[in-house]
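Trainee: I would like to learn how to read a model of this kind. Please take me through it one feature at a time.

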There are 2 protein chains.
Amino acid sequence: MLYRPFEKRLNTELAKHELHRAQWTIIYYLENINPATLVELSNYQGVEKPTITRTVSQLEERGIVEKVPGKDKREKRMQLTEAGKQFYQEVRKTVDAYEEEILMGISEEELKTAIRMMDDIRKSIIQSGDGEVGTNKN
Amino acid sequence: MLYRPFEKRLNTELAKHELHRAQWTIIYYLENINPATLVELSNYQGVEKPTITRTVSQLEERGIVEKVPGKDKREKRMQLTEAGKQFYQEVRKTVDAYEEEILMGISEEELKTAIRMMDDIRKSIIQSGDGEVGTNKN
DNA sequence: GTAAAATAGTTACCTTCGATAACTATTATC
DNA sequence: GATAATAGTTATCGAAGGTAACTATTTTAC
């Protein structure tokens, strides 16, 4: 299991902002990809809906994320508040420094190859159906 | 966080043998690398000693792992029992199938590059000291 | 056009797996 | 020989995942 040191170290960096990995992943998504519904976040992260509900709630309590009505009366779209966007920028600095440090000596080429590969694998897992998520069939 | 689908899917595969990722990682190490002390396992995995103690205990109860005296009266070396080695082979089949499936369409070259890169990063994290583990200084 | 099925989200509760603190027993060091 | 360090354990906590069962709304099928 190669990824453990990454996560461990990332968490100690995020702790400076009283954040954990799961929270940061959501903030990151909302800023860089899209304001999103809970189901979108759930699919993106490959975790079940209740897990997202919990993490988002924590971020809401801190005034980082807010829910706005979606196109349905069911849907709620999560987005960063103004304070949340500012917070993102602060944390971003820490994370940038971290990434720069651990990627020192890694070539652009290598990195691209690795990321592309992992993304391919991920897609194939999700496609195969066994990595499916968010489909509460009951 | 790219690795989640991997772990999730791996866990569903391992569940066929009533195993979880953390347990499998230890079994894997003991078979492929070495019989090892708790501290070795702790360093290898990048987790603290009590975490290893617990996981090893579970494997001991199932008769998969046994402790033999080390070169000290303090040290205990963990190793697979005969039953454990056989068990390894069974699980191995499942894991092989899983790996083959998810790595379909990934070139040998790509894979090597990615693994080498991650290992480089890991080393640089551990070296920097912030990924340190197993040094209970109290 | 309504009954049944599907979808978005929540709540309650459980499990895995990590961490810390504080301890015992043994060995090394000064 | 007293103090440090090392190997391992126990107890307890927290983060982050999962399932089951639910409400409210929307879609689909008949």
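Mentor: Start with residue classes: Ala, Val, Leu, Ile, Met, Phe, Trp, Tyr, Cys and Pro count as nonpolar, Asp, Glu, Lys and Arg as charged, and the others, Gly among them, as polar. Note also that this is a predicted model.

Trainee: How do the residues of the surface near DNA strand C divide by class?

Mentor: That surface has 10 charged, 9 polar and 6 nonpolar residues. In total, 25 residues surround DNA strand C, and the closest are A:Leu38, A:Pro50, B:His20, B:Glu48 and B:Lys73. Two or more residues each come from helix 3 (38-45) and helix 4 (49-61) of chain A, and from helix 2 (21-32) and helix 4 (49-61) of chain B.

Trainee: How many residues does each chain give to the contact of chain A with chain B?

Mentor: Chain A gives 32 residues and chain B gives 31 residues. On the side of chain A, helix 6 gives the most, with 12 residues. By class, this side divides into 16 nonpolar, 8 polar and 8 charged residues.

Trainee: At what angle do helix 3 and helix 4 of chain B pack?

Mentor: The angle is about 110 degrees, and the axes are 9 Å apart. Angles of 65 to 115 degrees count as roughly perpendicular, so helix 3 of chain B is roughly perpendicular to helix 4 of chain B. The residues in contact include B:Leu38 and B:Val39 of helix 3 and B:Ile52 of helix 4.

Trainee: Where does pLDDT stay under 50 in chain A?

Mentor: Over residues 129-138. Chain A as a whole averages a pLDDT of 86, and 89% of its residues score at least 70.

Methods:
Residues are numbered from 1 along each chain as its sequence is written. Chains are lettered from A and ligands numbered from 1 in the order in which they are written. This is a predicted model: local features need pLDDT of at least 70, side-chain atom pairs count only at pLDDT 80 or more; totals for chains, interfaces and linings use all residues. A residue is near a molecule or strand if its C-beta atom, placed from the backbone, lies within 6 Å of it. Helices (H or I, at least four residues) and strands (E, at least two) are DSSP runs, numbered from the N terminus. Two residues are in contact if their C-beta atoms, placed from the backbone, lie within 7 Å. pLDDT is the predictor's confidence in each residue, from 0 to 100. Axes are lines fitted to C-alpha atoms, for helices over the stretch in contact, and angles run from 0 to 180 degrees between N-to-C directions. Angles under 35 degrees count as roughly parallel, over 145 as roughly antiparallel, 65 to 115 as roughly perpendicular and the rest as oblique.
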